Amino acid sequence: MAEKFILLVEDDADDEELTLRALRQAKIANEIVIVRDGSEAVDFLFGRGGHAGRDLSRMPAVVLLDLKLPKLDGLDVLKLMREDRRMALIPVVVLTSSSEEEDMLKSYRFGANSYVRKPVEFGAFASAVSQLGIYWMLVNESARR
Amino acid sequence: MELLSPRSVRQKLVGLVLVATLAAILVAILAMIAYDLRLYHTSWIADLETQAELVARTSAPALAFDDARVAQENLELLRYRPKVRAAALYDARGKLFARFAPDPELTFPSMPEADGVRLDGDDLVVFKRIVNDRETLGTVYLRADYELYDRLLGYLGIAAVVLVAAMLVAYFLSRVLQAVVTRPLLAIADVAREVTEKRNFSLRAQKLSRDEIGMLAEGFNTMLAEMERLNAELEQRVRERTAQLEYTNRELEAFCYSVSHDLRAPLRAIDGFSQALVEDFPKELPEAAQRFLSRIRSSTQRMGQLIEDLLNLSQVSRVSLERQEIDITEIAKQVTADLRGREPERRIEISIAEGLRAEGDPRLLRAAIENLVGNAWKFTSKTERPRVEIGARREGAPPTFFVRDNGAGFDMAYAAKLFGAFQRLHSNTDYPGTGIGLATVQRIMHRHGGRIWADAQPGKGAVFFFTLEPDG
């Protein structure tokens with residue numbers, strides 16, 4: 001179980017802390033790797049740049065991906081992941097503030113597994129994050145296995 | 001009918017030529033006939049008078065010597081003038097002296113009349129005194145055919161034939177020659193038709209003549225050039241405006257996206273950390289501080305709702321409208337089921353008419369019905385026996401749907417404010433809301449070409465009517 005970790009791609013420090021808090025409250029004890037923008041996410045996933053030499057056999061069990069990110073945006077990251085055989089099947093949950101339907105359609109088209117709008121109210125936010133975390137970490141049998 | 005109301009310039013020209021020819025030939029023929037008949041009349045009378053004079057001269061001796069036989073012989077010489085039908089001599093006392101008539105039926109006047117020529121039926125009658133040395137010896141009487149009518153009939157026959165022949169010639173000639181006039185005209189008309197059909201203002205009419213039609217062609221071409229210029233200018237302007245609008249639209253979309261994304265993130269942080277404070281430091285925080293934090297949180301959430309509603313309002317204007325057949329009854333049932341699910345403790349009577357159908361955008365209409373039914377739900381929260389009814393008025397076109405409740409209602413004096421954004425007729429404490437819902441609903445109806453209006457009474461309830469098509 002210890003090798004199962006979550007990759008959180010989030011540029012907003014507040015959202016990051018709230019997400020972590022929500023996951024903690026949901027009693028998810030797995031390691032959580034945090035990257036700050038789209039290009040760092042790609043570096044981490046592909047073992048490049050600052051993450052060069054990373055053990056690429058360890059892949060996240062689920063990626064929580066913000067859409068609006070500096071440098072590469074969330075949809076670009078998603079596209080690159082889905083084009084790579086090693087990452088094509090990693091569950092990706094899009095977490096965003098955007099209520100634009102277009103964003104949701106694009107996310108699903110590019111292969112997102114879930115699309116979650118971050119609500120303003122923390123209670124709702126926490127329950128959305130925790131449900132997703134539990135679902136993808138515990139219930140959903142990873143396709144890699 | 002074709003001749004009386006010609007459809008083309010060609011027919012009109014041929015018609016004109018025919019009418020002019022007819023008139024000219026008629027006048028010419030009538031003049032000729034009149035002239036000829038007059039000539040015939042005068043020369044025939046002169047001839048007959050001469051004849052009478054001759055008979056008078058030759059018969060004067062016979063009368064003088066009372067020789068009836070010689071007189072008779074003289075008269076009978078007139079058989080060589082077959083047109084003379086009868087002749088007679090009267091003596092000085094007016095008694096018939098000798099007579100001649102190939103037709104034995106003819107009668108003679110018993111007494112001679114005064115000298116002169118007169119018409120008697122179809123005949124010309126001449127009386128002529130026989131005078132010798134101032135002594136009247138007797139009177140000559142001649143009756144001859146007067147063939148004026150026969151001649152007239154003959155002439156009319158010839159005139160008819162000439163007329164027909166002339167009209168035929170004129171018809172064929174004008175058919176051939178009208179092209180000189182009509183060809184340049186038709187050329188202009190063809191260009192005009194092509195311009196209107198193809199909306200091609202670059203076409204030009206050919207100038208085929210140097211007359212008024214040529215001037216028409218020139219004027220027409222000048223107009224076309226002007227129209228071409230104006231059209232190009234207009235298109236250019238439309239392109240510029242469209243580009244401007246598209247730019248503005250993109251800006252607006254980017255703005256909305258930013259609002260939706262960036263304004264919400266800090267709100268979430270305020271809400272989340274306020275909650276964290278309450279959760280993590282329950283002992284350290286005095287009750288007042290906790291209350292303040294909960295006030296902060298509810299304001300944050302309200303702000304979040306405002307942003308959400310504003311975005312929805314702007315989205316109504318931005319999304320493209322997709323019309324399709326919509327089951328309003330079904331949507332209303334789903335919406336009310338949602339509301340019941342959210343507040344299962346509320347006892348409320350809801351009646352939805354069956355078979356409510358309309359043409360419209362499914363997403364926008366659902367949003368509108370959610371708003372209207374949500375309002376009815378909200379404003380009946382303090383009513384004793386709450387009732388919400390969704391239906392349609394049976395009569396009239398376009399179909400009018402309504403959502404009726406027996407809730408708080410409002411004063412119709414403020415009805416004009418009802419559909420303005422951020423306009424509220426109730427305090428937020430009584431009935432929470434952002435004041436954007438009805439503005440959104442109205443915009444949805446307007447985008448469908450329909451409208452929305454309301455009727456209400458304070459404390460008795462409200463009914464909202466809406467249509468999805470233009471009136472009338």
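Student: Which residue does Asp327(B) meet in a salt bridge?
Tutor: Heads up first: this is a predicted model, where local features need pLDDT of at least 70, side-chain atom pairs count only at pLDDT 80 or more, and totals for chains, interfaces and linings use all residues. A salt bridge puts a side-chain nitrogen of Lys or Arg within 4 Å of a carboxyl oxygen of Asp or Glu. With 3.9 Å from N to O, the partner of Asp327(B) is Arg357(B).

Student: How many residues apart in sequence are the parts that Asp327(B) and Arg357(B) tie together?
Tutor: Asp327(B) sits in strand β6 (residues 324-327) of chain B, and Arg357(B) sits in strand β8 (residues 357-360) of chain B. Strands (E, at least two residues) and helices (H or I, at least four) are DSSP runs, numbered from the N terminus. The pair therefore joins parts whose separation in sequence is 30 residues.

Student: Are Asp327(B) and Arg357(B) buried, partly exposed or exposed?
Tutor: Buried is under 20% relative accessible area, exposed is over 50%, and partly exposed is in between (1.4 Å probe, protein chains only). Asp327(B) has 29%, while Arg357(B) has 46%. So both residues count as partly exposed.

Student: How far apart are the closest N and O atoms of Arg387(B) and Glu349(B)?
Tutor: Residues are numbered from 1 along each chain as its sequence is written, chains are lettered from A and ligands numbered from 1 in the order written, and side-chain values use heavy atoms, leaving out hydrogens and water. Arg387(B) and Glu349(B) form a salt bridge, and the distance between those atoms is 2.7 Å.

Student: Which strands does that Arg387(B) and Glu349(B) pair tie together?
Tutor: Arg387(B) is partly exposed at 30%, and so is Glu349(B) at 42%. The two parts they join are 38 residues apart in sequence, because Arg387(B) and Glu349(B) lie, respectively, in β9 and β7 (residues 349-352) of chain B.

Student: How many salt bridges turn up over all chains?
Tutor: One of them links the side chains of Asp36(B) and Arg151(B), at 3.4 Å from N to O. Asp36(B) is in helix α1 and Arg151(B) in helix α3 of chain B, so this pair ties together parts 115 residues apart in sequence. Searching the whole structure gives a total of 42.

Student: Which chain B residue joins the network with Glu10(A), Asp15(A), Asp66(A) and Lys118(A)?
Tutor: These residues are linked in a network of salt bridges.

Student: How far apart in space are Leu37(B) and Glu147(B)?
Tutor: Leu37(B) lies in helix α1 (residues 9-64) of chain B, and at 12% relative accessibility it counts as buried. In sequence, Leu37(B) and Glu147(B) are 110 residues apart, yet from C-alpha to C-alpha the distance is 9.8 Å.

Student: What is phi of Lys27(A) near?
Tutor: Lys27(A) sits in the loop between α1 (13-25) and β2 (31-35) of chain A, and is exposed at 72%. Its phi is positive, in a residue other than glycine, and is near 60°.

Student: Where is Asp66(B), whose phi is also positive?
Tutor: Phi of Asp66(B) is near 60°, and this residue is not glycine. At 57% relative accessibility, Asp66(B) is exposed. Its place is in chain B, in the loop between α1 and α2 (68-76).
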